[in-house]
Amino acid sequence: MARSWFLLLPFGLIVLLGSVAQAAVVEHTFNVGNLSISLCNKTARIITAVNGQLPGPTIEAREGDTVVVHLINTSPYNMTIHWHGIFQRGTPWADGPDMVTQCPVQPGANYTYRFNVIGQEGTLWWHAHISFLRATVYGALILRPRGGAKGYPFPKPHGEKTVILAEWWNDNIYDLERKAFREASTLRPADAYTINGKPGDSYNCSDANQTYKFQVRHNEKYLLRIINAALNTPLFFKVANHSFTVVGADASYTTPYETDVVVIAPGQTVDALMVASATVGRYYMAVSPYDSANLPNPTFSETNGTAVVEYVGYTGDEQPQLPPRTEYNDTDTAFRFLSNLTALVLPGKPTVPLSIDTRMFVTVGLGVSDCQPEQLQCNRSTTHFSASMNNASFVLPSTVSMLQAHYRNKSAGVYTRDFPDRPPVIFDYTSNVSDNGTMQYTTKSTKVKTLCYNETVEMVLQNTHLIAKESHPMHLHGFNFFVLAQGFGNYNETTATPQFNLVNPQERNTIAVPTGGWAVIRFVANNPGMWFMHCHFDAHLSIGLAMVFEVKDGPTEEASVPPPPEDLPHC
Ligand code: C2O
């Protein structure tokens with residue numbers, strides 16, 4: 001939707017806007033309902049989608065704007081929407097994760113999300129934050145500088161293209177999730193990877209409608225806003241005969257970084273400039289999986305999702321070229337890309353905190369646990385896959401959201417304040433010896449870590465090799481964090497500290513912790529509320545790879561959780 005918002009606004013608001021120079025209200029209505037669609041498989045299927053679109057509508061705002069989205073739930077499922085990467089400072093009730101900041105919007109009900117975009121520019125996205133429904137309920141959230149594209153810290157490109165990568169199942173994703181939960185089994189791999197909702201023609205989809213096409217003009221420069229909306233798969237992204245200059249990630253500007261492959265984990269975004277400097281023709285854009293676990297039975301689909309980049313004026317009909325495929329287990333390429341990004345230091349931007357109030361060392365990974373009472377088809381004589389942080393396997397409360405319990409000062413029976421700062425036992429986290437030894441047995445709980453307003457936190461995220469090692473994309477709501485260092489093996493403070501980047505560390509909301517390795521992040525708890533931190537693989541979030549930060553109110557009203565909006569859904 002172009003910036004035609006003023007057409008939709010009541011007169012009173014227009015008057016108000018006239019007095020607040022530049023800041024606008026960007027208003028959308030999201031009708032979440034059934035969409036009949038056929039992708040590859042010949043028979044149409046019903047999916048859950050916003051306004052009958054896959055991907056859903058793009059929200060475009062400028063720094064300083066207010067975004068208002070009216071969610072109307074006409075789907076048969078409970079629904080919530082999360083604005084992934086938005087700080088939600090002062091608007092914690094609009095964050096969206098089911099049972100963390102709100103009860104779900106029930107079928108037939110509505111809720112209005114209202115938040116300001118402050119101090120953020122670049123590419124973010126929005127998605128359902130309940131069950132696995134984000135598989136089809138997702139879209140882009142584009143934040144431009146106050147003055148528009150001329151405010152970019154790089155020469156204004158000729159054009160911009162949104163590139164949303166996702167996974168597609170030829171089945172009802174809600175039913176797949178319920179089945180996996182009841183049986184305590186795992187979700188099967190996706191049937192296809194998609195680019196802007198289309199799989200491309202490597203899946204025997206003869207229909208040209210199934211391939212997304214980008215049009216470019218020779219020698220013009222494009223800003224690609226790449227979003228990984230896939231449920232469970234980090235991806236390699238390439239365009240044949242083209243290379244990229246990365247200028248942003250997770251809506252934070254980066255030092256320009258040259259590469260011919262972009263590596264992007266679920267939850268992350270990458271802004272990259274691409275010059276259409278190849279011979280006038282057609283080229284494949286392709287995504288392929290990065291499998292950091294590298295197990296004999298891959299938990300991903302080893303296919304390519306493709307789109308076509310077509311130059312204006314090309315009249316031939318040759319088959320486009322595919323870019324050279326990155327091996328699915330190419331951890332070197334993934335690490336090189338993900339660890340080489342640095343922030344573009346700009347005046348007035350927050351810098352990494354140098355004095356630390358709270359230090360946490362948190363193991364992240366898989367484990368086992370008993371069936372939960374509601375898992376009726378779960379075999380009770382054995383233990384099942386589970387996931388945890390510091391051996392605490394997170395479950396959502398069921399009666400009231402955590403933010404409501406926090407606001408009313410009634411945490412009893414909803415959550416406990418004992419999320420540990422260290423793992424319960426120290427072991428060789430990353431050697432696969434632990435596969436044969438005692439697997440870490442975890443129990444389900446709803447533990448939070450309570451922080452004072454403005455407390456500075458350093459967190460070492462240590463992946464484990466229990467059951468399998470894997471690169472977990474850890475996402476923090478409500479904040480960006482700085483990534484000071486990352487590496488492989490067990491974290492060693494003595495050797496790691498001298499490697500800390502305290503000058504221009506990348507700022508992100510989602511970090512792909514290296515497989516069998518660690519990462520050190522820092523953030524300032526300057527945002528009161530209840531903030532989810534979790535693995536952005538839905539397959540791991542649903543089995544407990546999560547925790548919540550409870551950030552207490554500060555001294556002023558602005559630094560306190562406001563009363564809930566009147567239409568906040570009830571459980
Ligand atoms: Cu993009 Cu809690 O998620």
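The model discussed here is a predicted one, and its disulfides come to 2 in total.

**Disulfides**

- A disulfide is a covalent bond that joins the sulfur atoms of two cysteines.
- In the pair Cys371 and Cys378, the torsion about the S-S bond is about -75°, so this disulfide is left-handed.
- Cys103 and Cys571 form a disulfide as well, with 2.0 Å between their sulfur atoms, and because the torsion about their S-S bond is about -95°, this disulfide is left-handed.
- Since Cys103 sits in the loop between β5 (81-84) and β6 (110-116), while Cys571 belongs to the segment after β32 (546-551), the pair ties together parts that are 468 residues apart in sequence.
- Cys103 is buried, with a relative accessible area of 1%, whereas Cys571, at 47% relative accessibility, counts as partly exposed.

**Two further cysteines**

- Cys535, by contrast, has a relative accessibility of 0% and counts as buried.

**The largest cavity**

- Rolling a probe the size of a water molecule over the atoms shows where empty space is left.
- The model has 6 cavities of 30 Å³ or more, and the largest cavity holds about 70 Å³ of space.
- The residues that line the largest cavity include Tyr290, Phe335, Ser471, Gln486 and Pro514, and the elements that give two or more residues to this lining are α3 (331-340) and β27 (481-488).
- The largest share of this lining, 4 residues, comes from α3.
- Sorted by class, the lining of the largest cavity has 7 nonpolar and 4 polar residues, with no charged residues.
- Domain 2 (154-345) and domain 3 (358-559) each supply at least three residues to the lining of the largest cavity.

**The second largest pocket**

- The second largest pocket contains about 340 Å³ of space, and 19 residues line it, of which Phe87, Arg89, Pro350, Glu507 and Asn526 lie nearest its centre.
- Its lining is made up of 8 nonpolar, 8 polar and 3 charged residues.
- Because domain 1 (19-147) and domain 3 (358-559) both give residues to the lining, the second largest pocket lies between these two domains.

Technical notes:
Residues are numbered from 1 along each chain as its sequence is written. This is a predicted model: local features need pLDDT of at least 70, side-chain atom pairs count only at pLDDT 80 or more; totals for chains, interfaces and linings use all residues. Side-chain values use heavy atoms; hydrogens and water are left out. On a 1 Å grid over the protein atoms alone, a cavity is a set of points where a 1.4 Å probe fits but cannot get out, and a pocket is an open set with protein on both sides within 12 Å along at least five of seven lines; lining residues have an atom within 4 Å of a point. Grid points are joined across faces, edges and corners, and a volume is the space filled by probe spheres set on the points. Ala, Val, Leu, Ile, Met, Phe, Trp, Tyr, Cys and Pro count as nonpolar, Asp, Glu, Lys and Arg as charged, and the others, Gly among them, as polar. Domain bounds come from an automatic or database domain assignment. A disulfide is a pair of cysteine sulfur atoms within 2.5 Å. Buried means under 20% relative accessible area, exposed over 50%, partly exposed in between (1.4 Å probe, protein chains only).
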